[in-house]
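Have a look at the sequence and the model below before reading on.

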Amino acid sequence: MIKPLATTAAALLAAATLAPAGTASATSTDSCGLSASSVTARGDHNNLGILSTRPPTATGQALGRAAFAPGRVKVMATMSVLIDQGPDGSQYAVYGYVVIGDALYQAAYDAHGDGIIDNPPAALRRIGGGWGNFTTVEEAEYQGPTQGGVSRWNVYGLRSDGVLFRWSVSSKGVWRRTGSAPGFSSVKSMALVSKSATYDTFVANTRGGALYTIHIPTSSPMKPVVKVVRTRTWQGFETLIAHKCGVYGTILLGIDKDTDSAYLYAVGRFTGTSTVIQSVGKVPATFADNVYAGLKDPGTPLNGE
């Protein structure tokens, strides 16, 4: 089952019951949460709900057992999880982008609360080839605050040579490349923290240890604006996962594959080097899988910048 984003505005994110977002700012004492999903070596799609209590707490859940063929998924974008009570008794629907081999696919499956999938594995719709050298894929969909407001659906991909690409996807699923920019070869991981009618913003860490925001106006030609947040100590994370906390705050998870560990941070609004970042602590879990990504409700606004 493949759902267009335009049909999901009224749906609820199933993972929110695992990792509820708080209502205060990310740097307050109230806890927020995020979901770190992973694909295991045998192809299961699992979720770890993480709360920003001090110290952090974590609860695991099987989202989709045998969702993918073992060892095939190389890259996974943030996945959408929607409550979707079906006539067959399924409880939620999961869909999003994965790179398998040299191709990009949109994957989708319906599952029950115990992670049992209807008709496993996940359905795969091939988008196109030439994706084997991409290290990051992420989508940024935006729907205006009013009926008939501005809406768009962009997909970004970072290639291993440091070129960042952008595509626009129509309501009929037609892809059109709308820009590219070189110069990002030092980036290890990116996570979407803001989106609006006129721009998308990612937070990214580099191999040299810096933490940046990459602000990308939706206008053409594509001209990203890079701003330093921190200059050192962030090189250890192979994956960043972000989730909204409050109105302008962000909960940021950094996963270190050298140690199979992760650390959680509460971040205020991204304002360059003046950005407030507080360490919440080490997450009490082992991050042994090779592929990690977040979970989301595609209708949720992001105002982290």
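Is Arg152 buried or exposed? Arg152 is buried, because its relative accessible area is 15% and anything under 20% counts as buried. Keep this residue in mind, as we will meet its partner further on.

First, the overall picture. What you see is a predicted model. The protein has 21 strands and zero helices. Of its 305 residues, 55% count as buried. If you take the contacts with a separation of 6 or more, 51% of them are between residues 24 or more positions apart.

Now for the interior. In soluble globular proteins, nonpolar side chains tend to be buried together. In this model, the largest nonpolar core holds 22 residues. The members that touch the most others are Phe68, Val73, Met76, Val98 and Tyr109. Several strands contribute to this core: β4 (73-76), β5 (79-83), β6 (92-100), β7 (103-111) and β21 (291-296) each bring at least two residues. The largest share, five residues, is supplied by β7. Leaving aside residues up to four places away in sequence, Val73 touches Val39, Phe68, Val98, Val99, Ile100 and Val291. Apart from this core lies another one, made of 17 residues and including Ile241, Leu253, Ala266 and Tyr292.

Rolling a probe the size of a water molecule over the atoms shows where empty space is left. The largest pocket has a volume of about 670 Å³. Its lining is made of 37 residues, and those nearest the centre are Glu138, Met190, Leu240, Tyr292 and Ala293. Strands β4, β9 (134-143), β13 (187-195), β17 (239-245) and β21 each give at least two residues to the pocket lining. Sorted by class, that lining has 16 nonpolar, nine polar and twelve charged residues.

The largest cavity has a volume of about 40 Å³. Among the residues that line it are Leu192, Val193, Ala242, His243, Lys244 and Gly249. Strands β13, β17 and β18 (249-256) each supply at least two lining residues, and β17 gives the most, with three. This lining divides into four nonpolar, five polar and one charged residues.

Charged pairs come next. Side chains of opposite charge can pair when their charged atoms come close. The whole structure contains eight salt bridges. One of them brings us back to Arg152, which pairs with Asp200, with the closest N and O atoms 2.6 Å apart. This pair links distant parts of the chain, since Asp200 belongs to strand β14 (residues 199-206) and Arg152 to strand β10 (residues 151-159), 48 residues apart. Asp200 is buried too, with a relative accessible area of 0%.

A second salt bridge joins Asp161 and Arg159, at 2.8 Å from N to O. Here Asp161 is partly exposed, at 43% relative accessibility, and Arg159 is partly exposed as well, with a relative accessible area of 29%. Glu238 is partly exposed at 26%, and Lys188 is partly exposed at 22%. Elsewhere, salt bridges with shared partners join Glu139, Glu141, Lys195 and Lys296 into one network.

Let's end at a loop. Ala41 is found between β1 (33-39) and β2 (45-51). Ala41 is exposed, with a relative accessible area of 65%. Setting aside residues up to four places away in sequence, Ala41 touches Pro70 and Gly71. The C-alpha atoms of Ala41 and Arg72 are 8.5 Å apart, although the two residues are separated by 31 residues along the chain.

Technical notes
Residues numbered from 1 in each chain as written. Predicted model: local features only at pLDDT ≥ 70, side-chain atom pairs only at ≥ 80, totals over all residues. Heavy atoms only, no water. Core = buried A, V, L, I, M, F, W, Y, C linked by side-chain atoms within 4.5 Å. Buried < 20%, exposed > 50% of the residue type's maximum accessible area, 1.4 Å probe, protein only. Helix = DSSP H or I, 4+ residues; strand = E, 2+ residues; numbered from the N terminus. Contact = heavy atoms within 4.5 Å. 1 Å grid on protein atoms, 1.4 Å probe; cavity = no way out; pocket = protein on both sides within 12 Å on 5 of 7 lines; lining within 4 Å. Points joined across faces, edges and corners; volume = space filled by probe spheres on them. Nonpolar A, V, L, I, M, F, W, Y, C, P; charged D, E, K, R; others polar. Salt bridge = Lys/Arg side-chain N within 4 Å of Asp/Glu carboxyl O.
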